[in-house]
Amino acid sequence: MRAAIPFLGMSDDMPQDLIDVETPSLIVDLDRLDQNLSRVAEYAATHGLALRPHVKTHKSPFVAEAQLRLGARGLTCATPREAEVMSEVCDDLLVAYPPIGRARAQRLAAIPPAVRLTVALDSADAATEMARAARDARREVGVYVELDVGMHRVGAATVDAAVALARHVTESEGLIFEGLAFYPGHVRERMSEQDAKLESLDLALERALERFHEAGLPPRVVSGGSTPTLFRTHELPGVTEMRPGTYVYNDRGTVATGACGLDDCALTVLATVVSTALPGQAVIDAGTKALGREPSRGEEGEGFGMLLDRPDVVVSRMSEEHGVLDLSQTSWRPTVGDLVRVVPNHVCVAVHLHDIVHGIRSGRLERQWPITARGRGAPTT
Ligand SMILES: Cc1ncc(COP(=O)(O)O)c(C=O)c1O
């Protein structure tokens, strides 16, 4: 099942070693990426779960193709831009975001008709909008009805509302009711402490599935899954598909849930120490515009990232282009010009701030790839 990322060779202008990379830059350890991809592909295959990874983490066709080669059923996207970019490498896309607004719905419907397109939605308004755009584009669009199972973000609030929406979808020309979607984004405890929330999720899903069957609308697909709950997805009866995203690179937040170790963090932000003028701290050239400003596990005060090889050193404060390393817990004293690798709190946010990724193996730069689906882009029509 393990598949290496293909070696495409170094381009002439690519830096030969980390020392030559202009910082701040994204660095991906290709061995770790391979391992993360393979581990989850194997888990999905072992448990008979369809894997539909969320591309919001990497936004790169290069990584998407590796996921598909390892058996992913299709891909999950959030934005029209992601769907457009991924339609070039995948013929089965889920857009797990309500297609509200004519521009968004039309842009999605314009995805090449050879690509199977499904959207997740939670309102009749979204269904009506998507159906209109689908008919105008002379195509069909699949629909997952989204149910809120505890995150309280999107999703029908009750099973009755979800069933009514599914019925509306079946009556809408241009749409096909495909299944039920949920996102357990509220489960961010360590894996061993997720039991109570997973039990109530179990119950909620069981009740929902019963009602859908009673209503004569059995969902063909039940789609869920996140990185923190990833390896417990098989415990949720009825789930047929999972959509983890963060697992490709992992981050400080994933380490905190126990879904991975620090050794599984494949992506770091390479930064340079630019000042040690004040005692007790060092300043790096990675601030909010390179790392994002995500609190650790939703809590303030734990910093915005930590050093890969010195977890006791955190980025405690940031400006746009400055990150302040707190040296109070270490005897290490960096000097100006030193390179450091920062594990971001939330890797998906860090990735979308950059244009390219540098892939390294055994400490040597092996290849680079663009983050093609970052930003909003322009409609391809
Ligand atoms: C709808 C949906 N599905 C799947 C995912 C992937 O979850 P994770 O980032 O925990 O891998 C996300 C993440 O934001 C999401 O919003």
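Strand S12 (residues 305-307) runs antiparallel to S15, and 3 bridges hold the pairing; strands here are DSSP runs of E with at least two residues, numbered from the N terminus, and two of them pair if DSSP finds at least two bridges between them. Within this pairing, methionine 306 stands opposite valine 343 in S15. Strand S15 (residues 339-344) also pairs with strand S10 (residues 267-275), again in the antiparallel sense, over 4 bridges. There, leucine 270 faces arginine 341 in S15.

A word on what you are looking at: this is a predicted model, where local features need pLDDT of at least 70, side-chain atom pairs count only at pLDDT 80 or more, and totals for chains, interfaces and linings use all residues. Residues are numbered from 1 along each chain as its sequence is written, and side-chain values use heavy atoms, with hydrogens and water left out.

Now turn to the open sheet, whose 8 strands follow the order S2-S9-S8-S7-S6-S5-S4-S3 with parallel pairing. Its edges are strand S2 (50-51) and strand S3 (75-77), each of which pairs on one side only. Strand S3 is joined in parallel to strand S4 (residues 92-95) by 3 bridges, and threonine 76 stands opposite leucine 94 in S4. As a reminder, strands of a sheet pair through backbone hydrogen bonds, either parallel or antiparallel.

Next comes the ligand, which sits in the largest pocket. A pocket is found on a 1 Å grid over the protein atoms alone, as an open set of points with protein on both sides within 12 Å along at least five of seven lines; a molecule sits in it if more than half of its atoms lie within 2 Å of its grid points. Of the 13 residues around the ligand, the nearest are Lys56, Arg153, Thr227, Gly245 and Thr246, where a residue counts as near if one of its heavy atoms lies within 4 Å. The shell has 4 nonpolar, 6 polar and 3 charged residues, with Gly counted among the polar ones.

Lysine 56 places a polar side-chain atom 2.6 Å from a ligand oxygen atom, and a side-chain N or O atom of threonine 246 is 2.7 Å from an oxygen atom of the ligand. For arginine 243, a side-chain N or O atom lies 3.1 Å from a ligand nitrogen atom. The protein covers 91% of the 390 Å² of accessible area that the ligand has on its own, by the Shrake-Rupley method with a 1.4 Å probe.

The peptide bond from threonine 23 to proline 24 is cis, and proline 24 lies in the segment before strand S1 (25-29). Arginine 138 has a positive phi of about 55 degrees although it is not a glycine.

Conventions:
Polar contact = N/O pair within 3.5 Å; in protein donor to acceptor, adjacent residues only side chain to side chain. 1 Å grid on protein atoms, 1.4 Å probe; cavity = no way out; pocket = protein on both sides within 12 Å on 5 of 7 lines; lining within 4 Å.
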